[in-house]
Amino acid sequence: MSLLEVRDLVAGYEPGLPIVRGVGFALDAGEILVLLGPNGAGKSTLARAVAGLVPVAEGTVMLGGGSLLAVPAHRRIGAGLGFVPQSGNVFAALTVAENLAIAAAVLPRAARAGRIAAALALFPDLAAARGRAAGLLSGGQRQMLAIARALIPAPRVMALDEPSAGLAPKLVGTVLAKLREIAAGGVAVLLVEQNVRAALAVADRAMVLVEGRVAHAGTAAALRDDPRVAALYLGGVRAA
Amino acid sequence: MIGQILIDGITSGAMIGLGAIGLTLTCGLLRFANFAQGEFATWGAYFALLIAGALGGAAPLGPLTFGWPLLAALLISMGLTALLAWSLDAVLFRRLRRHGNAIVLVIASFGASLALRSAVEFLFGPEPYYYSRDIAMTLRLAPGMRATADQLVVLALALVLMLAMHLLLARTPLGRAMRAVSENPDLARLAGIDAARVVRATWLLGGALAAAAGVFLGVTVQVRPAMGFELLLPLFAAAILGGIGSVPGAMVGGLVIGIAEAAAVPLAGAQYRAAVAFVVMLAMLLVRPRGLFGGRAA
């Protein structure tokens, strides 16, 4: 059994108006699965539904063999699922240290300092900015803080919605490389990305969504080399 | 004259600030203007009246007009009013929030305000009450600056409560959670914060602080059914002036409104005192809708 199993998921913001229409996938520990597809394909909605922020009409979401559907969003981090939304992913008015402290609050008191130290070791830039308001950080630092925040409670699965959005090309590689590091530590990563080239370079597997359904799925290498996928769903640009 | 305006303004401003903290927190967290906030002050004042009466007459403390029973009543009244505020949320607002319509919540809070005020009037009658019939003697603080001992104690207690609230928000996990939910409720949920618990804490704290404001108003003026309603406009003015959602903003906003109201009496006449809060609120909305401390736009 895979760590995260999503089956026949139907989800959307309004009842009777599904955006995700019967999607299924499985994700193992240490694996990176990237969700690709055109705008409006349902990638972000799928990730948000897994995180508990979008109502699920049908289907199942299982983490480690247990269903997440009855688990409210604020308890999913305790169940082992971390989520980094695309926008508004840090508490801008709070300092970096406070953002990290909030993330650590779900852990036993004795484990908090160690997990914060581990996150700061992964993102050393944040250590120097601990006293600064998160809203004053650069785009890259902010994204790192968002990932650190989701990582501190030691999730088994981490979902990220377009972590490269708005970042300079140089930083995109840095952020995605960090995800590879995180996955190497045994965390399963579900990555929603528009930056096809960079995402396929770090992912193990990829899934292309079109109009809320899975249009293509396979290894990242296979999708990268498939000219039909590039032409039809990846903006006509064949990823190198 | 300036010294007297300052001492009068700061005393009444501290009470306005206390009441405005609850208002700005519920506005910031729940995205609606709670018109019932002033009534929590009224109920707090009447709870204290009942409790102080039940505890019996005790000699006034030093130069004050009241004794320890009123101080005990203040604490109990804060607890009871906190429960009243929490109950109002549980019975009314929590159900309406599920529909997600802010206008419905505002209208409901207006209805709740009328109901709470009418209940006070029904139970206690329209006539004013006093915690003490003793005459408060004024003390000379500086040339042209006098205050009663009651005023000074009220001011000190109000400032202690404000400081405690500030420390709670700045230094405790609950305070961090309250600021996080206020800024971004979805992200707060993702971070494992139980927003329902934070909302409960907000009502309890807001109710308790409003009760303190009501008791302090009762000590320095009188206790009557319309006291909370009359406090409502200054509360909104203070919350908007400081920036919706900002607790330090509500404190500073309360002090500014209090001083402006006190200055209006000798400068324009007592009949224009209430209009000052309205003018300050309108001016802030026109010039800087996010308030002095950059909270959420009103």
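In the predicted model, B:Ala149 lies in helix 5 of chain B, an element that comprises residues 149-171. The relative accessible area of B:Ala149 is 6%, and because the cut-off for burial is under 20%, this residue is classed as buried. When residues up to four places away in sequence are left aside, B:Ala149 touches B:Pro63, B:Leu64, B:Met137 and B:Leu139.

Chain A was examined as a whole. Its secondary structure comes to 10 helices and 10 strands, and 52% of its 240 residues count as buried. The C-alpha trace of chain A spans about 50 × 40 × 30 Å along its principal axes. Among the contacts in chain A that link residues at least 6 apart in sequence, 67% join residues that are at least 24 apart.

The interface between the two chains was considered next. On the side of chain B, 15 residues are in contact with 21 residues of chain A, and the area buried between the two chains is about 1600 Å², with carbon and sulfur atoms giving 62% of this area. Within chain B, the residues that lose the most area to chain A are B:Glu183, B:Leu187 and B:Leu190, which together account for 39% of what that side buries.

Two salt bridges are found by the rule across the interface of chain B and chain A. A salt bridge is formed by A:Arg48 with B:Asp186, where the closest N and O atoms are 3.5 Å apart. The count of residue pairs in polar contact between chain B and chain A, with both residues at pLDDT 80 or more, is five. On the side of chain B that touches chain A, the elements that give two or more residues are helix 6 (173-183) and helix 7 (185-190) of chain B, and helix 7 of chain B gives the most, with five residues. By class, this side of chain B has seven nonpolar, two polar and six charged residues.

Terms used. Residues numbered from 1 in each chain as written. Chains lettered and ligands numbered in written order. Predicted model: local features only at pLDDT ≥ 70, side-chain atom pairs only at ≥ 80, totals over all residues. Heavy atoms only, no water. Contact = heavy atoms within 4.5 Å. Buried area = accessible area lost by both parts, 1.4 Å probe. Salt bridge = Lys/Arg side-chain N within 4 Å of Asp/Glu carboxyl O. Polar contact = N/O pair within 3.5 Å; in protein donor to acceptor, adjacent residues only side chain to side chain. Helix = DSSP H or I, 4+ residues; strand = E, 2+ residues; numbered from the N terminus. Nonpolar A, V, L, I, M, F, W, Y, C, P; charged D, E, K, R; others polar. Buried < 20%, exposed > 50% of the residue type's maximum accessible area, 1.4 Å probe, protein only.
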